[in-house]
Amino acid sequence: MVGEIRDVKTANMAIRAALTGHLVLSTIHTNSSWATISRLIDMGVPPFLIASTINLSVAQRLVRKLCPSCKQKVPLESHHYPNFGKSVSDINEHYIPKGCNDCHHTGYKGRKAIYEILPITKALESPIKEGHTEIEEHLNQNRIKTLKINAINLVKQGETSIEEVYSFLL
């Protein structure tokens, strides 16, 4: 287990261990599961080594859950969220935090993890080796839900607010 990959020395150590058959688990700070690949390339790890050693990349975020006792349904005013574009075009209503004694007047109670899970398959090895950064088509074809899609689903279900996920939906 490698606590966190922050530099090329640590990245190369993790890659060498994976090449010899060891299971390596680590963290790396990126905004998506695919950005992990780009970050390793930026650190100087050869793309062919990345393609042959990484099996899975997972991105996660924690979001606060709306308090079920006091959340309030309101109409969505899209001019408040100009950068969302099509991602929230099918949302007419959403919930906002109100605040009550149950949630200590914060409007939120508890947290929920949002995940993006990207298996590194044979189909992704070529784009990795060639340094491609756009894989939207692959994600859509393989029904891989991004952090953005999972966050929008939580908003639609009334589990969290748009304000809570706005920063990583842009």
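A helix axis here is a line fitted to C-alpha atoms over the stretch in contact, and angles between axes run from 0 to 180 degrees between N-to-C directions. This is a predicted model: local features need pLDDT of at least 70, side-chain atom pairs count only at pLDDT 80 or more, and totals for chains, interfaces and linings use all residues.

**View 1. The protein chain has seven helices and four strands.** Helices (H or I, at least four residues) and strands (E, at least two) are DSSP runs, numbered from the N terminus. The C-alpha trace spans about 55 × 35 × 20 Å along its principal axes. Of the 170 residues, 38% are buried; buried means under 20% relative accessible area, exposed over 50%, and partly exposed in between (1.4 Å probe, protein chains only). A contact means heavy atoms within 4.5 Å. Among contacts between residues at least 6 apart in sequence, 69% join residues at least 24 apart.

**View 2. Helix H2 packs against several neighbours.** H2 covers residues 33–43, and its buried residues are Ser33, Trp34, Thr36, Ile37, Leu40 and Met43. A handy rule for looking at any helix: an α-helix has 3.6 residues a turn, so residues three or four places apart point the same way. Which elements do the buried residues of H2 pack against? They are helix H1 (8–19), helix H3 (47–53), strand E1 (56–66), strand E4 (108–119) and helix H4 (122–130). Just after H2 comes Gly44, with a positive phi of about 105 degrees.

**View 3. H2 and H4 meet in a right-handed crossing.** Two packed helices are described by the angle between their axes and the distance between the axes. For H2 and H4, the angle is about 35 degrees and the axes are 11 Å apart. A crossing is left-handed if the near helix is turned anticlockwise from the far one by less than a right angle, and right-handed if clockwise. Trp34, Ile37 and Ile41 of H2 make the contact with Leu124, Pro127 and Ile128 of H4. These residues divide into six nonpolar, no polar and no charged. In this count Ala, Val, Leu, Ile, Met, Phe, Trp, Tyr, Cys and Pro are nonpolar, Asp, Glu, Lys and Arg are charged, and the others, Gly among them, are polar. The buried residues of H4 are Leu124, Glu125, Pro127 and Ile128, and their cover includes H2, H3, E4 and helix H5 (136–141). Just after H4, Gly131 takes a positive phi of about 75 degrees.

**View 4. The largest nonpolar core has 22 residues.** A nonpolar core is a set of buried Ala, Val, Leu, Ile, Met, Phe, Trp, Tyr and Cys residues joined through side-chain atoms within 4.5 Å. Ile5, Leu40, Leu118 and Ile128 touch the most other members of the largest core. H1, H2, H3 and H4 each supply at least two of its residues, and H2 gives the most, with four. A second, separate core of 13 residues includes Leu76, Leu147, Val165 and Tyr166.

**View 5. Ser32 and Ala59 touch across the fold.** Ser32 sits in the loop between H1 and H2, and Ala59 is part of strand E1. Apart from neighbours within four places in sequence, Ser32 is in contact with Ala59 and Glu116. Is Ala59 buried or exposed? At 6% relative accessibility, Ala59 is buried. Leaving aside neighbours within four places, its contacts are Ser32, Ser33, Ile114, Tyr115, Glu116 and Leu147. Ser32 and Ile117 are 85 residues apart in sequence, and their C-alpha atoms are 9.2 Å apart in space.

**View 6. How many disulfides does the whole structure hold?** The search finds zero. A disulfide is a covalent bond between the sulfur atoms of two cysteines, counted here when the pair lies within 2.5 Å. The cysteine sulfur nearest to that of Cys67 belongs to Cys100, 3.8 Å away. For Cys70, the closest cysteine sulfur is also in Cys100, at 3.7 Å, and this is too far for a bond. Cys67 is buried at 0% relative accessibility, and Cys70 is buried with a relative accessible area of 11%.

Conventions. Residues are numbered from 1 along each chain as its sequence is written. Side-chain values use heavy atoms; hydrogens and water are left out.
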